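Welcome, and please open your viewer. We will go from stop to stop, with something to select at each one.

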There are 2 protein chains.
Amino acid sequence: MLDDLPQGFRASSAKAGFKAKDRYDLGLLISDADCVFAGLFTQNRFCAAPVLVCREILASGQPVRAVVANSGQANACTGDQGMRNVHDCQKLIGDNFGIAETSVVPLSTGVIGAQLKMDCFRAALPELVNNLGSRDAEGFTRAFMTTDAFPKFASRDLALAKGTVRLTVMAKGAGMICPNMATMLCVCLTDAAIAQNVWQGMFARAVEQTFNRVSVDGDTSTNDTIVGLANGRANVSLETAEDLAVFEEALTDILRKVSHMLVKDGEGASKVMHIVVHGARDTLQAEKVARAVGRSQLVKTAIYGGDGNWGRIITAVGYSGADYEPEKVSLSLCGIQRFRQGQPVNDDLEEELAERLKAEDIAVDIDLGDGPGCYRHEASDLGHEYVSLNADYRS
Amino acid sequence: MLDDLPQGFRASSAKAGFKAKDRYDLGLLISDADCVFAGLFTQNRFCAAPVLVCREILASGQPVRAVVANSGQANACTGDQGMRNVHDCQKLIGDNFGIAETSVVPLSTGVIGAQLKMDCFRAALPELVNNLGSRDAEGFTRAFMTTDAFPKFASRDLALAKGTVRLTVMAKGAGMICPNMATMLCVCLTDAAIAQNVWQGMFARAVEQTFNRVSVDGDTSTNDTIVGLANGRANVSLETAEDLAVFEEALTDILRKVSHMLVKDGEGASKVMHIVVHGARDTLQAEKVARAVGRSQLVKTAIYGGDGNWGRIITAVGYSGADYEPEKVSLSLCGIQRFRQGQPVNDDLEEELAERLKAEDIAVDIDLGDGPGCYRHEASDLGHEYVSLNADYRS
């Protein structure tokens with residue numbers, strides 16, 4: 001068991017039996033000091049009860065002390081009862097751990113439309129109290145896994161002028177803009193001290209560069225949440241421009257690492273497409289193209305099958321809605337150019353391309369030949385495992 | 001062999017060997033009189049060479065005499081050589097059948113980015129000439145099938161005041177707005193006489209009500225084409241408002257029938273979702289919701305698996321981008337209401353719902369509770385067969 005949480009944070013988990021018996025499905029992170037809170041949430045209009053509560057906490061500007069997460073039920077589309085349940089969870093955690101109920105950040109993932117099993121939650125509390133003390137990121141991460149094939153976490157120490165701080169990220173699911181059942185939940189902890197508005201701004205920029213640029217299936221969950229808690233226990237205050245820049249770079253880097261894990265594990269994914277669009281009129285046009293390619297079922301299945309069917313990629317560029325000149329577009333797949341300014345090229349390299357497509361990481365390079373705009377996006381492939389996982393998720 | 005083409009039309013097909021040996025992959029329809037031409041084409045910006053030529057024919061306003069269709073190569077993303085090849089095809093058909101090359105409407109489907117195998121085309125011409133004479137819609141339809149599991153065609157006689165006319169529709173692929181490799185090609189023939197602008201307008205309205213409302217995978221092909229040829233050989237001219245209305249209704253109806261076949265066969269589809277969105281502020285909001293639900297990978301896999309996971313449908317409503325009040329939304333699946341104005345209902349009917357979800361046709365009814373707008377959309381499910389078909393299409 002690793003000791004990889006930042007100072008002042010402890011973890012716990014319990015087997016509540018929300019869905020399956022005998023697996024950890026309830027997790028808790030608690031700080032021994034108040035934490036400055038940052039958060040980013042799903043754009044879905046049916047957001048889950050815990051997301052509504054998280055948004056209220058963020059709007060209040062008040063510090064937080066704990067994160068409680070469950071799998072099994074997403075507590076989304078659950079109406080008034082769902083809101084009562086999430087408030088009860090906050091109160092139960094507050095009472096059992098001696099903190100204010102409003103300082104408890106709730107996260108849920110699982111089946112949408114099902115009410116949270118409060119009897120399971122209540123019954124698991126003694127175990128949750130008893131297990132408190134671990135400082136191991138993996139234990140908490142495992143408690144909110146659903147279809148995840150592996151736990152996703154990373155930790156990093158950062159030497160700044162005034163001392164060392166730690167960043168720890170724990171996540172589940174796949175993607176931020178686009179997942180659904182694979183709700184993306186992510187908790188980022190640090191023992192650095194940082195002002196709330198600075199922490200939130202830094203967080204938003206880092207997420208835009210990382211989690212917002214990965215996709216698995218194009219479905220945006222009701223529950224997607226990423227929260228940041230900074231408790232200041234390292235006694236290192238982030239104030240100078242240099243420290244802030246170093247910290248933000250490390251935050252972006254660690255979130256990129258974890259978001260890459262999400263795509264890698266994207267509901268049965270076997271390969272990751274690294275889509276780079278450049279030469280666009282502006283960033284937005286590049287983004288439209290990258291997202292259309294990353295979302296195309298036909299591109300994803302071709303990549304899964306190791307089929308160098310590049311015409312499907314150009315087809316997605318064609319319906320992306322982006323503004324560009326078709327006759328200036330070029331495409332390389334795995335480093336081999338197959339389409340140059342409207343004409344197919346290198347037909348004789350098909351065998352070499354087929355060989356390169358056996359790799360797990362597939363480079364897709366699209367040059368719109370039209371300007372300075374560029375965008376990078378990672379997307380999973382689409383194979384039999386995705387269908388199997390999602391056709392019988394609830395059973 | 002049926003005699004189901006309208007008067008004055010004959011069909012032929014040949015085994016050109018564009019992709020596989022020993023299957024019909026080149027088809028021809030020829031009229032013994034000039035035809036008034038109508039057409040609608042893909043919105044993809046990389047449209048195939050034959051699509052560019054069809055657009056030119058439509059813009060010229062000139063009559064046409066023949067349709068030539070091939071599978072194997074789509075002749076899309078093929079640059080200058082692709083344009084030369086399609087013009088050569090028109091000339092070869094013109095020369096061999098004694099008609100003007102500009103009166104030959106070309107259609108192609110198959111792998112994108114591959115040049116049309118002109119040697120195969122040339123070698124097949126004697127067989128194509130020799131086989132001319134059939135008046136059987138199925139023969140032509142089989143010649144442009146790719147992954148289609150069955151040929152899609154329908155024919156109907158229509159008794160009008162001045163006599164009887166026939167409508168025959170032959171199609172391949174899946175969907176109009178959304179398919180890709182499953183390029184949608186559709187030919188509609190009639191022996192009625194009709195003015196060009198009237199024919200084109202009627203055609204556009206009928207397609208909007210039918211082919212534009214089905215989807216399989218959300219990918220819009222480079223080659224999607226639907227053309228209408230009216231040769232007037234029944235000596236019945238459509239002029240009165242009543243005749244035009246009867247004819248347009250029949251056209252819409254037969255196109256609906258054939259477009260339904262496309263979804264049914266949607267690349268390994270086992271089920272069809274009939275999505276009806278009503279109570280929307282306007283038609284556009286209803287359409288946004290219907291398309292988001294019909295396109296969701298998670299909804300499609302749940303339907304495939306017979307899983308009544310209605311939360312995924314609400315999730316798609318939530319990210320559809322449509323304008324509505326979430327707390328007014330209700331949802332029924334297979335006639336069972338599961339979500340009413342923001343609250344889950346009828347949890348006890350899950351078993352009954354699971355039973356109903358075993359059907360091939362799945363009713364999805366979404367009430368936005370907000371106005372008079374409604375939209376109907378059909379979409380296929382997503383299963384292992386889709387992945388298998390598309391992961392190794394080219395091999």
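Our tour of this predicted model starts with a pair of helices in chain B: α5(B) and α6(B) are oblique to each other. To see this, select residues 196–209 of chain B for helix α5 and residues 241–264 of chain B for helix α6. Their axes come within 9 Å and cross at roughly 40 degrees. The crossing of α5(B) and α6(B) is right-handed.

Now show the residues where these two helices meet. On α5(B), pick B:V198, B:M202, B:A206, B:V207 and B:Q209. Their partners on α6(B) are B:L244, B:E248, B:L251, B:T252 and B:L255.

**A second pair, in chain A**

Next, select residues 297–304 of chain A, which form helix α8, and residues 311–319 of chain A, which form helix α9. How are these two helices oriented? They pack at an angle of about 160 degrees, with axes 9 Å apart, which makes α8(A) roughly antiparallel to α9(A). The crossing here is left-handed. Look for A:L298, A:V299 and A:A302 on α8(A), meeting A:R312, A:I313 and A:A316 on α9(A).

**Stepping back to the domains**

Stay with chain A and colour residues 9–264 as domain 1 and residues 272–391 as domain 2. The C-alpha centres of these two domains of chain A lie 33 Å apart.

**Into the nonpolar core**

In soluble globular proteins, nonpolar side chains tend to be buried together. Here the largest nonpolar core has 247 residues. Which residues have the most contacts inside it? They are A:V289 and B:V289. Select B:V289 and look around: leaving aside residues up to four places away in sequence, B:V289 touches B:V277, B:A280, B:V317, B:S320, B:A322, B:I366 and B:L368.

**Last stop: B:I336**

Finally, select B:I336, in strand β12 (residues 336–340) of chain B. Is B:I336 buried or partly exposed? It has 19 other C-beta atoms within 10 Å, so B:I336 is partly exposed; buried would take 20 or more. Not counting residues up to four places away in sequence, B:I336 touches B:N346, B:L349, B:E352 and B:L353. To finish, find B:V364: B:I336 and B:V364 are 28 residues apart in sequence, and their C-alpha atoms are 9.5 Å apart in space.

Notes:
Residues numbered from 1 in each chain as written. Chains lettered and ligands numbered in written order. Predicted model: local features only at pLDDT ≥ 70, side-chain atom pairs only at ≥ 80, totals over all residues. Domains from an automatic or database assignment. Core = buried A, V, L, I, M, F, W, Y, C linked by C-beta atoms within 7 Å. Buried ≥ 20, exposed ≤ 12 C-beta atoms within 10 Å, placed from the backbone. Contact = placed C-beta atoms within 7 Å. Axes fitted to C-alpha atoms, helices over the stretch in contact; angles between N-to-C directions. Helix = DSSP H or I, 4+ residues; strand = E, 2+ residues; numbered from the N terminus. Parallel < 35°, antiparallel > 145°, perpendicular 65-115°, else oblique. Left-handed = near helix turned anticlockwise from the far one by under 90°.
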